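Student: Hi, could you walk me through this one? I am new to it and would like to take it slowly.
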Amino acid sequence: MAADLGGGEDDGPISGINVTPFVDVVLVLMIILMVTSTQLVRAQLKVDLPEAASAGQAVPSTLNVVLTRNGTLYLDGTEASFDELGPTVKRLKADDPKLRAAISADQGVPYGQVVKVIDTVKTHGVSKFALNIDRQEEPGG
């Protein structure tokens with residue numbers, strides 16, 4: 001059993017395929033999809049958010065609650081009823097103790113419905129939440 005130490009040339013076809021670069025590209029694409037999926041869901045729902053000059057950046061949240069002008073409630077992009085909101089928040093809070101919520105409501109939604117959503121979220125254990133608003137354009141440009 002002698003070892004070939006590089007003295008001879010092998011002109012045969014390469015029969016092995018290196019899949020490592022392919023796997024690396026797929027993993028990077030999967031990470032990009034996971035990071036942007038929350039923004040995509042939020043962008044699909046058309047809500048006329050109120051504006052404020054002091055609006056901050058988006059809160060990194062686990063639960064997105066959207067209330068549309070016609071009163072439809074969405075939890076993370078899925079249509080839901082007000083009766084489902086409490087149990088869903090409670091279940092997600094049990095899974096993740098650091099759960100935060102971002103609440104988006106159209107300007108045309110009655111104030112009482114927004115308060116009802118906030119109260120339900122707080123009652124079921126999520127003490128950290130944000131109201132999603134758009135940044136108001138400054139008069140000077």
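Student: In what order do the elements of the chain run from the N terminus on?
Tutor: From the N terminus on, the order is α-β-β-β-β-α-β-α-β-β, which comes to three helices and seven strands. Helices (H or I, at least four residues) and strands (E, at least two) are DSSP runs, numbered from the N terminus. This is a predicted model, in which local features need pLDDT of at least 70 and side-chain atom pairs count only at pLDDT 80 or more, while totals for chains, interfaces and linings use all residues. Residues are numbered from 1 along each chain as its sequence is written, and side-chain values use heavy atoms, with hydrogens and water left out.

Student: Okay, and how do the strands form a sheet, in what order?
Tutor: Five strands make an open sheet with the order 4-3-2-5-6 and mixed pairing, where two strands pair if DSSP finds at least two bridges between them. Strand 4 (78-80) and strand 6 (129-131) are at the edges with a single partner strand each, so one side of each has no neighbour in the sheet. From one strand to the next, the twist averages 25°.

Student: Which strands pair with strand 5?
Tutor: Strand 2 and strand 5 run parallel and are joined by five bridges, with Leu63 opposite Ala101. Strand 5 (residues 101-105) also pairs with strand 6 in the parallel sense, over three bridges.

Student: Is strand 5 buried or exposed?
Tutor: Five of the five residues of strand 5 are buried, so the strand is largely enclosed by the rest of the structure. Buried means under 20% relative accessible area, exposed means over 50%, and partly exposed is in between, using a 1.4 Å probe and protein chains only. Ala101, Ile103 and Ala105 point one way from the strand, whereas Ala102 and Ser104 point the other way, and all are buried.

Student: How much of the whole chain is buried?
Tutor: Of its 141 residues, 26% count as buried.

Student: Switching to helix 2, what do its buried residues pack against?
Tutor: The buried residues of helix 2 are Leu85, Gly86, Thr88, Val89 and Leu92, and they pack against strand 2 (63-67), strand 3 (73-75) and helix 3 (111-123). Contact here means heavy atoms within 4.5 Å.

Student: What should helix 2 span, and how far apart are its end C-alpha atoms?
Tutor: With 14 residues (82-95) at 1.5 Å a residue, helix 2 should span 20 Å, and its end C-alpha atoms are 21 Å apart, which agrees. The expected span is 1.5 Å times one less than the number of residues in the helix.

Student: What does His124 touch?
Tutor: Leaving out residues up to four places away in sequence, His124 touches Gly86, Val89, Lys90 and Lys93. His124 lies in the loop between helix 3 and strand 6 and is partly exposed, with a relative accessible area of 28%. The C-alpha atoms of His124 and Leu92 are 9.8 Å apart, although 32 residues separate the two along the chain.

Student: How many salt bridges does a search of the whole structure find?
Tutor: The search finds one salt bridge, meaning a side-chain nitrogen of Lys or Arg within 4 Å of a carboxyl oxygen of Asp or Glu. The side chains of Asp106 and Arg69 form it, at 3.2 Å from N to O. The pair links distant parts of the chain, 37 residues apart, with Asp106 in the loop between strand 5 and helix 3 and Arg69 in the loop between strand 2 and strand 3.

Student: Which of those two is buried, and which is exposed?
Tutor: Asp106 counts as buried at 6% relative accessibility, whereas Arg69 is exposed, with a relative accessible area of 51%. The side chain of Asp106 also reaches the backbone nitrogen of Gly108 at 2.9 Å.

Student: Last one: what is phi of Asp76 near?
Tutor: Phi of Asp76 is near 50°, a positive value in a residue other than glycine. Most residues other than glycine have a negative phi. Asp76 lies in the loop between strand 3 and strand 4 and counts as partly exposed, at 35% relative accessibility.

Technical notes. Axes fitted to C-alpha atoms, helices over the stretch in contact; angles between N-to-C directions. Polar contact = N/O pair within 3.5 Å; in protein donor to acceptor, adjacent residues only side chain to side chain.
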